[in-house]
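Open the model in your viewer and keep the selection panel ready.

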Amino acid sequence: MERAKLVSCVILFLSIVFVIVGGGESKAQETWLEKAALDQEDDVNKLYEEARKEGEVVIYSMSSRIVDVKKTFEEQYPGVTVEAYDMRMAEIFEKVRREYEAGIHNADVIFIKDSDGTVYNEMVKTGMLHNYVPKDIGEKMKPEFREPLFSPYLEMKQVFYNDEVYDTSPIDSWWDLTRPEYKGKVMIQNPLSTPENQGLFLAMIQNADDMEKAYKEEFGEDIVLNGTENAGYEFVKRLMENGLIFTDSDTEIIEAIGAEGQTNPPFGIVTSSKMREKFSKGYKLAVVENIKPKDGVIAPASLLIVDNAPHVNAAKLLIRWIAGEADGKGPGLKPFLAPGSWPTRSDVEPENTPPLDSLRLWDFDLDFNYQNINELRDFLFTLL
């Protein structure tokens, strides 16, 4: 009996401690959110004044182009230093999680793509990250690019080929990549570690009817599934089993495809903005246009503020800068207006890139992707 009373007392004590500590953390978060005022309409001059007091802003970025952003931002806003970390998205997610769980407040902004819905469902909904929309910029964007994640531009995965060897694309369907003549000739960044590639596959799985119709159009017969759930999964299986070559980066693929003087270059499923290297590095590159059944699915690039960010005013200022400022002409957006990138603002046109509305795209569905991502990953593991 005495032992039972002792156990009850211990449990009660721990419960009180949990409530006190948890309540304290919750109160601290509420206080930070009140001060951060993420919903208010900000004045740029006042933001800069407060940002100078903070002195710096820390960003974890999926893009190496953050180096260009750092240079122009610091020129525009002297006294505010950008501490930029160029990281793989999986590294960003892991670092943010660990720091949050340890109560470490280091990062202010993360720059990522949420192609599988993990960021929104596990980080934004839980308060680990916060969406911030500069009101004067957001009013020039479609709602889907303001909420639930602020996304100033987008990209997608496309099929690239060498236009020195091929005057026009020798393929016109995603299913072509499963043909015997392309065995061992298609490259992709490892989809198990690349949410953007997972997002493409999930769009095909969600729209399996489109993939099934495209198969019949390509081969003249109904598809026969080989132990898979639908034509989307069947495509992934046949692609993987056709000698698909995994790489660590899209850069490796571009170098392999676009080098001059080749006779039998590979093809690659690559992030669309890599087309900029055709112009900057002279690679022989082209994109398969009007590929059947759809060109692909968008992959928005999003900026989010980390919970309890120590430099929240500088974070707001940096997000505005990357989004192009109020008039869309700010140099912070310019590195992302490369061929193969589409600005989401109505007042900014893409450069050397077809208009977004000219493409045939599957809907980007965060909820479907999040609900089905584990099934896809398990499926991919079975194919390795």
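**Stop one: the largest pocket**

Select strand E10 to begin: it gives three residues to the lining of the largest pocket, the largest share. This is a predicted model. E10 spans residues 296-306, and strands E11 (342-343) and E12 (361-362) also give two or more residues to that lining. The space in the largest pocket is about 730 Å³. Now show Lys 142, Glu 144, Phe 145, Ile 298 and Leu 356, the closest to its centre of the 30 lining residues. Colour the lining of the largest pocket by class: 17 nonpolar, four polar and nine charged.

**Stop two: the second largest pocket**

Move to the second largest pocket, with a volume of about 580 Å³. Its lining has 25 residues; Met 62, Ser 63, Gln 189, Asp 250 and Lys 274 lie nearest the centre. Which strand supplies the largest share of the lining of the second largest pocket? Select E5, with three residues.

**Stop three: helix H3**

Select residues 66-76, helix H3, and show its buried residues: Ile 66, Val 69, Thr 72 and Phe 73. They sit on the same side of H3 because they cover an arc of only 125° around the axis. Show what covers them, including strand E1 (56-61), strand E2 (81-86) and helix H12 (312-322). Finally, turn to the face of H3 directed away from its buried side, where Val 67, Lys 71 and Glu 75 are exposed.

Note on methods: Residues are numbered from 1 along each chain as its sequence is written. This is a predicted model: local features need pLDDT of at least 70, side-chain atom pairs count only at pLDDT 80 or more; totals for chains, interfaces and linings use all residues. Side-chain values use heavy atoms; hydrogens and water are left out. Buried means under 20% relative accessible area, exposed over 50%, partly exposed in between (1.4 Å probe, protein chains only). Helices (H or I, at least four residues) and strands (E, at least two) are DSSP runs, numbered from the N terminus. The arc is that of the directions from the helix axis to the C-beta atoms. Contact means heavy atoms within 4.5 Å. On a 1 Å grid over the protein atoms alone, a cavity is a set of points where a 1.4 Å probe fits but cannot get out, and a pocket is an open set with protein on both sides within 12 Å along at least five of seven lines; lining residues have an atom within 4 Å of a point. Grid points are joined across faces, edges and corners, and a volume is the space filled by probe spheres set on the points. Ala, Val, Leu, Ile, Met, Phe, Trp, Tyr, Cys and Pro count as nonpolar, Asp, Glu, Lys and Arg as charged, and the others, Gly among them, as polar.
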